[in-house]
Amino acid sequence: MISFFSFSQCPDGYEVNGVDRAVNGDFAGGNTGFSSAYSFIANGAGQTELNPEAYYSVWTNPNDLHSNFSSCSDISGDGNMMIINGAPTENVEVWRQPISVEQNTLYYFTTWIASVHPTSPAQLQFSVNGGLLGSIFTASSTTCDWQQFYATWNSGASTTANISIVNKNTAANGNDFAIDYVTFVPCKPVVSLPINLIEFKAEEFNENKIKILWSTASESNNKFFTIERSTDAFNYDTLAYIASKYNTSNQLCDYEFIDEQPLNGTAYYRLKQNDFDGRSEYFAPVSVYFNQEDKGFKIYFDNQNYRMDLFGTEKGQKVQYIITDIIGNYLMSEEIICTCNYVCCMIDLKGKLPTGIYNITWYTNNDKYTHKFIAH
């Protein structure tokens, strides 16, 4: 049996900065402290309790609840786990809990998953305040093989969070799994890294290129920067390595990089700082919408100032936008009349959206443009 005190609760380079906010995450208290869109059923007799889909139980042995489930032990050490017969419906909240959080704090959302039947392993994803978080994680096809999955979330201006684990698998046959040791822990950097970044942005340059700009107010032991690009804000490719101008400096340093072959559609750019000791730090990404087929319209999301702009408009032109989460749930909309040619500064999103990935659809005359952006 593995002791839960040895489990990782914060990412590499971070340390625990407070108490775990999840209640009864190891299910030692049974079916309490959380809720589920699935129906609860207690252990009885005959190994048939979890025969229908969309039912769950909190118990010590999956085989006691279904004759085709494996006999597994929990991972947290108290005996109990949440055992689920997954339903063929996507994005159903298997486990959910409202919690209080501190503002402007990084939280580490983690859980352990094991298949209790080898067919069609569970595909799950974290969610905070209705926005999907991180990437989809898939349980092992080997039953009783516990694996840890996680995502990070910054609270920003939020003081409460509705956290959940949603099912992404739509298979009726199989899709049977157990969850244990759910945690939601505040983390902080172990040490501060050696630059003070005051600006990072991406913008269109010469009609068919993207210029990446960033500035530092000070640098210490800074070796080089890495520019990375992504289509989904999760999987990044390296574009360039840019050497530090001074390595150590207390004066303003400006940098730039030109993406000569920008991606068509929405692209995410992020900056990585690398020091001489081998440590590194990522900064929040910015997104740019680039599509030469969109009749001159370009969209830019400034993730540092939480503002989104639309380029290529005309004075007096009506523009409407609608923001939804990536599931399609409506969040906000507005109609604006542009007051100048070419640039129509649209919306200030500061404090209006929790961390996550969203879709924004713009309506200009008879045209429609949709792209994704990430909010921090």
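Predicted model: local features only at pLDDT ≥ 70, side-chain atom pairs only at ≥ 80, totals over all residues.
**Cysteines**

I started by looking for disulfides, taking cysteine sulfur atoms within 2.5 Å as the test. By that rule I get one disulfide. The partners are cysteine 72 and cysteine 144, with an S to S distance of 1.9 Å.

Where do the two cysteines sit? Cysteine 72 is in the loop between strand E3 (55-59) and strand E4 (81-85), while cysteine 144 is in the loop between strand E8 (131-138) and strand E9 (147-154), so the bond ties together parts 72 residues apart in sequence.

Next I checked the handedness. The torsion about the S-S bond of cysteine 72 and cysteine 144 comes out at about -70°, so I noted this disulfide as left-handed.

Then I looked up accessibility, where buried means under 20% relative accessible area. Cysteine 72 has 4% relative accessibility, so I put it down as buried.

I wrote down the order as E5-E10-E7-E8, with antiparallel pairing. Which strands are at the edges? Strand E5 (92-100) and E8 are, since each pairs on one side only. From one strand to the next, the twist averages 15°.

Last, I zoomed in on strand E7 (residues 123-128) and E8. They run antiparallel, and I have five bridges joining them. I noted one pair of facing residues too: phenylalanine 126 stands opposite leucine 133 in E8.

Definitions and conventions:
Residues numbered from 1 in each chain as written. Heavy atoms only, no water. Helix = DSSP H or I, 4+ residues; strand = E, 2+ residues; numbered from the N terminus. Buried < 20%, exposed > 50% of the residue type's maximum accessible area, 1.4 Å probe, protein only. Pairing = 2+ DSSP bridges. Axes fitted to C-alpha atoms, helices over the stretch in contact; angles between N-to-C directions.
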